[in-house]
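Dear colleague,

Please find the structure below, followed by a summary of what was found in it.

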Amino acid sequence: MIQLNNGVNMPLLGFGVFQITDHDLCKQSVLTALQTGYRLLDTAACYGNERAVGDAIRESGIERDDVFVTSKVWIQDAGYEKTRTSFEKTLENLQTDYLDLYLIHMPYGDYHGRWRAMEELYRAEKIRAIGVCNFLPDRLIDLILSHDVVPAVNQVELHPFCQQRSLRQVMEAYRIVPMAWAPFAEGQHGLFTDPVLTAIGSPYGKSPAQVVLRWLQQKQIVAIPKSVHAERIQQNFDVDDFALSPADMVQIDALDLGHSLILDVPSLNEVYRLHAIRFEP
């Protein structure tokens, strides 16, 4: 567990469902994760699978208060009124009357209007904590200086090859918890066969993926690995029975390339691509 800046406790290891678009496959994957022991689930309006996540929680038999549920408001719902409407749809899909964490998905559009709506929902105790995704230092500071509630979480691309060091320094000053999407870099740069990660994991009997998740945990960074395979879901959860040495941590720190491999947020090409995305809630 890690404590957010508003006192709420959040699991350090969760389960993500990005790109699991088939309802039954998503539901079964989440059920497997819950049965394995995961208690943090991460979805989003634009993933199109909130309903499957809600169905899995209900069918698991686990009490709602024992599962930390995160979702996100997408770009086309920028602004106060649209955010309120999108939030109610998210609650309906997830079959719950509150969220543990609600995030602005991208730093585009009227994110100030979105944040005002989220602050109101937070004060009304419909959300236990609010935060952002993919906010780099300039947008993050702009948001903080313009509103009353400081984001509790910033979910960003974060893995051994993109460690977001300067951004994490800003976040540390405001006690904003980093949350790593794509902790395995989506397999890019040979992460699953990386010789450094492989050599570090060998004495512990752990895979490069498990080494990465342990590295993130020891840095107090929340991770949300995704898989649809039961064996991999269970393997990713099995990272509490070993600890990386200081020398191990230094070797992994040295893998940082200093730039994104997946989502270059300020890129004009990325802005144009995201602006064109549409989905049916």
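Is K206 buried or exposed? K206 counts as buried, because its relative accessibility is 10%. Here buried means under 20% relative accessible area, exposed means over 50%, and partly exposed lies in between, with a 1.4 Å probe and protein chains only.

Two remarks on the source are needed. This is a predicted model, in which local features need pLDDT of at least 70 and side-chain atom pairs count only at pLDDT 80 or more, whereas totals for chains, interfaces and linings use all residues. Residues are numbered from 1 along each chain as its sequence is written, and side-chain values use heavy atoms, with hydrogens and water left out.

Overall form

The protein has 11 helices and 10 strands; these are DSSP runs numbered from the N terminus, with helices (H or I) of at least four residues and strands (E) of at least two. Its C-alpha atoms fill a box of roughly 55 × 40 × 35 Å along the principal axes. Of the 281 residues, 54% count as buried.

Salt bridges

The structure holds 14 salt bridges, each defined as a side-chain nitrogen of Lys or Arg within 4 Å of a carboxyl oxygen of Asp or Glu.

K206 forms one of them with D238, at 3.3 Å from N to O. D238 lies in the loop between α9 (230–237) and α10 (246–253) and K206 in the loop between α7 (195–201) and α8 (208–218), so the pair ties together parts 32 residues apart in sequence. D238 counts as partly exposed, at 37% relative accessibility.

R214 and D240 also meet in a salt bridge, at 3.8 Å from N to O. This pair links distant parts of the chain, 26 residues apart: R214 is in helix α8, and D240 is in the loop between α9 and α10. R214 is buried at 15% relative accessibility, whereas D240 is exposed at 57%.

In the salt bridge between R128 and D100, the closest N and O atoms are 2.8 Å apart. R128 is in the loop between α4 (111–123) and β7 (130–133), and D100 is in the loop between α3 (80–94) and β6 (101–104), 28 residues apart. D100 is buried, at 1% relative accessibility, while R128 is partly exposed, at 34%.

Positive phi values

Q19 is not a glycine, yet it has a positive phi of about 70°. Q19 is found in the loop between β3 (15–16) and α1 (23–36), and is exposed at 52% relative accessibility. E125 likewise has a positive phi, near 65°. E125 sits in the loop between α4 and β7 and is exposed, with a relative accessible area of 68%.

Yours sincerely
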